[in-house]
Amino acid sequence: MLVGEDHKNLLPASCIIGVIFMIIVDMIARTVTAAEIPIGILTALVGALFFAILFKTAKGDWQ
């Protein structure tokens with residue numbers, strides 16, 4: 001949705017956004033508590049929230 005449907009732009013953009021997301025989540029996981037929180041837990045929480053927002057705003061346009 002940010003860069004359009006052209007795979008020439010979509011693939012590099014998704015890689016860059018994914019790397020930035022993982023770096024941010026890793027920094028949060030290392031600094032929030034003394035014990036490291038597994039990155040999988042944080043990414044699952046963010047992904048579930050993102051999916052719930054998308055699901056709520058889709059208005060049944062899945063087809």
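**Figure 1. Arg30 and Asp26 share helix α1.** In this predicted model, the two residues sit four positions apart, about one turn of the helix. A salt bridge links Arg30 to Asp26. Their closest N and O atoms are 3.1 Å apart. That falls within the 4 Å cut-off for a salt bridge, so the pair counts as one. Asp26 is partly exposed. Its relative accessible area is 23%.

**Figure 2. Glu36 also pairs with Arg30.** Here the closest N and O atoms are 3.9 Å apart. This distance, too, is within 4 Å, so Glu36 and Arg30 form a salt bridge. Glu36 is exposed, because its relative accessible area of 56% is over the 50% cut-off. Side chains of opposite charge can pair when their charged atoms come close.

**Figure 3. Asp26, Arg30 and Glu36 form one network, joined by salt bridges.** Shared partners join Asp26, Arg30 and Glu36 into one network. The count of salt bridges comes to two.

**Figure 4. Ile28 lies in helix α1.** The helix covers residues 7-31. Is Ile28 buried or partly exposed? Ile28 is partly exposed, with a relative accessible area of 40%. That value lies between the 20% and 50% cut-offs, which is why Ile28 is placed in the middle class. Pro12 is 16 residues away from Ile28 along the chain. The C-alpha atoms of Ile28 and Pro12 are separated by 24 Å.

**Figure 5. The whole chain has two helices and zero strands.** The radius of gyration of the chain is 15 Å. For 63 residues the globule rule gives 11 Å, and the chain's value is well over this, so the chain is more spread out than a compact globule. The C-alpha trace spans about 45 × 30 × 15 Å along its principal axes.

Figure 6. How much of the chain is buried? Buried residues make up 8% of the 63 residues. The chain exposes about 5,600 Å². Carbon and sulfur atoms supply 73% of that area. The chain carries 4 positive and 5 negative charges. The mean positions of these two sets are 6 Å apart.

Definitions and conventions: Residues are numbered from 1 along each chain as its sequence is written. This is a predicted model: local features need pLDDT of at least 70, side-chain atom pairs count only at pLDDT 80 or more; totals for chains, interfaces and linings use all residues. Side-chain values use heavy atoms; hydrogens and water are left out. The radius of gyration is taken over C-alpha atoms; the globule rule is 2.2 Å times the number of residues to the power 0.38. Buried means under 20% relative accessible area, exposed over 50%, partly exposed in between (1.4 Å probe, protein chains only). Accessible areas come from the Shrake-Rupley method with a 1.4 Å probe; for residues, only the protein chains shown count as cover. Lys and Arg count as positive and Asp and Glu as negative; His and the chain ends are not counted. The place of a charge is taken as NZ of Lys, CZ of Arg, CG of Asp or CD of Glu. A salt bridge is a side-chain nitrogen of Lys or Arg within 4 Å of a carboxyl oxygen of Asp or Glu.
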